[in-house]
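Please view the sequence and the structure first, then read on.

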Amino acid sequence: LVLVVDFGAQYAQLIARRVREARIYSEIVPHTASVDEILARKPTAIVLSGGPQSVYAPGAPQVDPALFTTGIPTFGMCYGFQAMAAALGGEVRRTGLSEFGRTPVHVGEGGELLGDLPPNFSAWMSHGDSVYAPPPGFLCLATSDGSPVAAFEDLTRGLAGVQWHPEVGHSEFGQVVLETFLVTIAGCSQDWTPASIVDDSVEAIRAQVGDAQVLCALSGGVDSAVAAALVQKAVGDQLTCVFVDHGLLRQGEAERVERDFVAVTGVDLVVRDEADRFLGALAGVSDPETKRKIIGREFIRTFEDAARVLNATKDIEYLVQGTLYPDVVESGGGEGAANIKSHHNVGGLPDDLQFKLIEPLRTLFKDEVRAVGTELGLPSDMVWRHPFPGPGLAIRIIGEVTKDRLDLLRQVDAIARFELTAAGLDRAIWQFPVVLLADVRSVGVQGDGRTYGHPVVLRPVTSEDAMTADWGRLPYEVLERISTRITNEVREVNRVVLDITSKPPGTIEWE
Ligand code: XMP
């Protein structure tokens, strides 16, 4: 275990992911954790993250110098580097030479940490203070224009640090530096693999569940699919999955859950076909928030019905929740905190469902969930499925949701997705909503006649986490193929437009 001490910038999660990319398990702890709390976790190494402040600013997060006498190898980055320097008697001060962005770094002679690097390379910096003199016992390894000491190490104590951010993609050799520290200097073993994650999870789930019955709501998305597949592997037919088909999914998706997922996992699946119920409840509604509320409410009712029916025969004790590690970190990371994010599940599940939660993905990042899904043999289109909102196509039809409009959008969406996949762009694009402007009509000419049809909007976006996004630069040929096919094959659509708005100010979805 490597513990990443979070000094309050956005970098801690990225660092934790990079450590795991080196096949070493890592977790994040807040900088307020005491040395005793850190020791209790028995880490093999510690990484101190960057942070937004100056080490001398009033109230700046401090490092207890006792941390450096524990004998646990510790690596500081940016703020963590300066905090280490300040705590151990080095000199940190404001230079007036801030470095932000790509910065040339010059590597000196000797030392282990940067031993494999060329003499000059560029690294991503973001700092106002600099280390002027390393603490006693440390060797200065590198410099930059604004950093008299840009990296240092003291191998006798297993301590090292760099002024830059090796975790960001813009830093050359970032992963090399991190792995040299973790593996060569700290002696961590690289055995965190998808197979080991599966083995550990299966064991943990068995220990938690015993011979109790477990329920899981499948959404068609990768998180619930992987969570269910893990629980299935652990406790077999003690698991029952419920899939509420609200009729707002894309073409082929319900069938895929019913057929492919069951075929691969052998899971006991209860399907509730509730399209009529949802459509009925949505009749006459075009306000986005009202749509969401109705869908959330109907989902909960349906799920409760299904759970009640099952409970009558099975006495279900646990509910599977697809909570991911970023949710845990962002909600304070408290052990056992039941953090149900309403945004991530259709409407969120009600508190008064009297189940204990089981969260098999709570230590995993999204890319690890995908790797585990692949390890478990789930189909790649399921593992790499783009995020899809719980309210489904209902929030991609601008206007009232009707069966005809849903069928129309499903056709258009299937073409767009097919062409994106055929162009090999599924992984480059984060999400590719297609939006039907159902209340807008535009004049066109198709075949020999005038048409008065509907426009559809293509909304390809790139993103890291959906919090911010940019519009996806799809190649013109791909856009052309999508546009031509849609207007040729779907009579009611006579115009295809492209959304070129980033988020912010736009959101990814139109409603
Ligand atoms: P926005 O539109 O807010 O979307 O930029 C951010 C991400 O969240 C998804 N999304 C939802 N997911 N229930 C969900 O499960 C919802 O009500 C919902 N609304 C938006 C959206 O697809 C994107 O990935």
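## A466

A466 sits in the loop between strand 18 (461–462) and strand 19 (470–471). Strands here are DSSP runs of E with at least two residues, and helices are DSSP runs of H or I with at least four residues; both are numbered from the N terminus. Although A466 is not a glycine, its phi is positive, about 70°.

A466 has 15 other C-beta atoms within 10 Å, so A466 is partly exposed. A residue is buried if 20 or more other C-beta atoms lie within 10 Å of its own, exposed if 12 or fewer do, and partly exposed in between, with C-beta atoms placed from the backbone.

## About the model

The model is predicted: local features need pLDDT of at least 70, side-chain atom pairs count only at pLDDT 80 or more, and totals for chains, interfaces and linings use all residues. Residues are numbered from 1 along each chain as its sequence is written.

## C78

C78 is also not a glycine, and its phi is positive at about 55°. Its place is the loop between strand 4 (74–77) and helix 3 (79–87).

Is C78 buried or exposed? C78 counts as buried because it has 27 C-beta neighbours inside 10 Å.

## Two cis peptide bonds

The segment after strand 20 (493–498) contains P504. The peptide bond from K503 to P504 is cis, with omega near -15°.

P505 lies in the segment after strand 20 as well. The bond leading from P504 to P505 is a cis peptide bond, and its omega is near 10°.
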